[in-house]
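Subject: Structure handover

Hello,

Please find the structure below. My notes on it follow.

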Amino acid sequence: MVEPQASFELACVADIFGIRRDGIPDWAEFLIAAEHPGPVGTKAGYRIVVEHGLAAVDQADVVFVTGWPTPAEPSRALTDALVSAHARGCLIAGLCSGTYALAAAGLLDGRAATTHWSQTDDLSQRYPLVRVTPDVLFVDHGDVATSGGAGAAADLALHIVRRRCGPELAATIARNMVLPPHRQGGQRQYAIDSRPRRQPDPFGGLLDWCVDHLADELSLATMARRARVAPRTLHRRFQSHLGTTPAAWVQQQRIARAATLLQTTNLPVAAVGAAVGMRDPTNFRAQFRAGTGTNPSDYRRTFAPPRRAPGRGLGPAVLPAGG
């Protein structure tokens with residue numbers, strides 16, 4: 001553990017491995033360790049008192065690095081402790097930004113790994129020997145494992161319980177935590193930003209115009225005519241300014257608009273596809289899955305707010321006395 005500590009990732013591991021539950025025999029010994037024991041601050045503002053130092057790593061079967069203050073490099077003492085534990089057969093797991101500590105220790109060289117979707121590009125640039133996999137919730141090689149953003153810590157921790165102690169124990173713990181024993185999909189469905197916004201535009205208003213006409217045919221030739229430049233010039237400018245091609249950019253905007261419609265309307269899936277210029281329902285479903293890692297119906301079930309009857313607002317929140 002390091003400061004500032006990622007509160008949620010630590011809580012996921014503590015809840016899965018550290019809490020005794022009725023009807024479940026004691027099955028794990030859970031310790032929290034830090035390079036410098038004592039009070040450790042968290043990102044949420046409170047402090048945790050840690051009793052154990054890195055010596056606890058020497059006896060562990062599984063070590064979780066529950067967060068890392070990027071871009072800081074881990075100390076030689078922590079790196080040595082992780083490498084030594086790995087060498088004797090301990091599973092080393094990096095949760096969310098904790099992946100950085102494993103990468104810095106060389107434990108991920110030449111191997112697939114993941115981290116929070118917003119940090120995957122940075123992780124890849126800092127550690128080019130790591131094969132960063134942005135979409136998945138977690139990657140488990142048996143001896144090292146990494147997870148995506150905060151909630152994926154629980155996915156990986158339950159997976160480790162399932163693999164090491166059996167599916168029944170993992171399912172029982174998940175049921176107690178009111179979590180799915182195994183979550184479908186990957187991180188891309190959470191990375192889609194469906195909020196409508198105006199585009200920073202070095203193309204004389206072209207990008208905003210395209211966003212307003214996603215249902216229309218938006219070929220390179222059409223966009224070039226609108227921008228009053230040659231198609232090759234527009235293609236080159238897209239690569240230079242946005243790091244992508246016009247076709248790929250349009251596809252991203254269509255997926256983002258489709259995500260908004262799935263969240264905010266009751267339109268059938270085929271109608272959503274047509275509204276963003278993808279009129280073949282089969283192709284729309286395939287493209288949406290390619291862009292988000294899930295299908296449109298599952299995305300709607302996950303992210304759309306519950307529908308309320310017309311004219312009815314939210315009632316008052318009532319807490320029991322003494323709560």
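The count of disulfides (pairs of cysteine sulfur atoms within 2.5 Å) comes to zero. A disulfide is a covalent bond between the sulfur atoms of two cysteines. Buried here means under 20% relative accessible area, exposed over 50%, and partly exposed in between, with a 1.4 Å probe and protein chains only.

On provenance: this is a predicted model, in which local features need pLDDT of at least 70 and side-chain atom pairs count only at pLDDT 80 or more, while totals for chains, interfaces and linings use all residues. Residues are numbered from 1 along each chain as its sequence is written, and side-chain values use heavy atoms, with hydrogens and water left out.

Confidence: the mean pLDDT (the predictor's confidence in each residue, from 0 to 100) is 84, and 87% of residues reach 70 or more. Over residues 308-323 pLDDT stays under 50, and the model has two contacts there beyond four places in sequence. A contact means heavy atoms within 4.5 Å.

Overall: the chain has 14 helices and eight strands, taken as DSSP runs (helices H or I, at least four residues; strands E, at least two) and numbered from the N terminus. Of its 323 residues, 43% count as buried. Among contacts between residues at least 6 apart in sequence, 60% join residues at least 24 apart.

Cores: a nonpolar core is a set of buried Ala, Val, Leu, Ile, Met, Phe, Trp, Tyr and Cys residues joined through side-chain atoms within 4.5 Å. The largest has 26 residues, and those with the most contacts inside it include Trp 68, Leu 108 and Val 130. Strand S3 (62-65), helix H2 (76-87) and helix H3 (99-104) each give two or more residues to this core. A second, separate core of 25 residues includes Ile 16, Phe 64, Ala 153 and Val 161. Leaving aside residues up to four places away in sequence, Val 130 touches Ala 103, Leu 108, Arg 111 and Ala 113.

Helix H1 (residues 7-17): its buried residues include Cys 12, Val 13, Ile 16 and Phe 17. Among the elements covering the buried residues of H1 are strand S2 (47-50), strand S4 (91-95) and helix H5 (152-165).

Thr 115: this residue lies in the loop between strand S5 (112-113) and helix H4 (120-126). Thr 115 counts as buried because its relative accessibility is 0%. Its side chain reaches the backbone oxygen of Cys 96 at 2.7 Å.

Regards

Note on methods. Polar contact = N/O pair within 3.5 Å; in protein donor to acceptor, adjacent residues only side chain to side chain.
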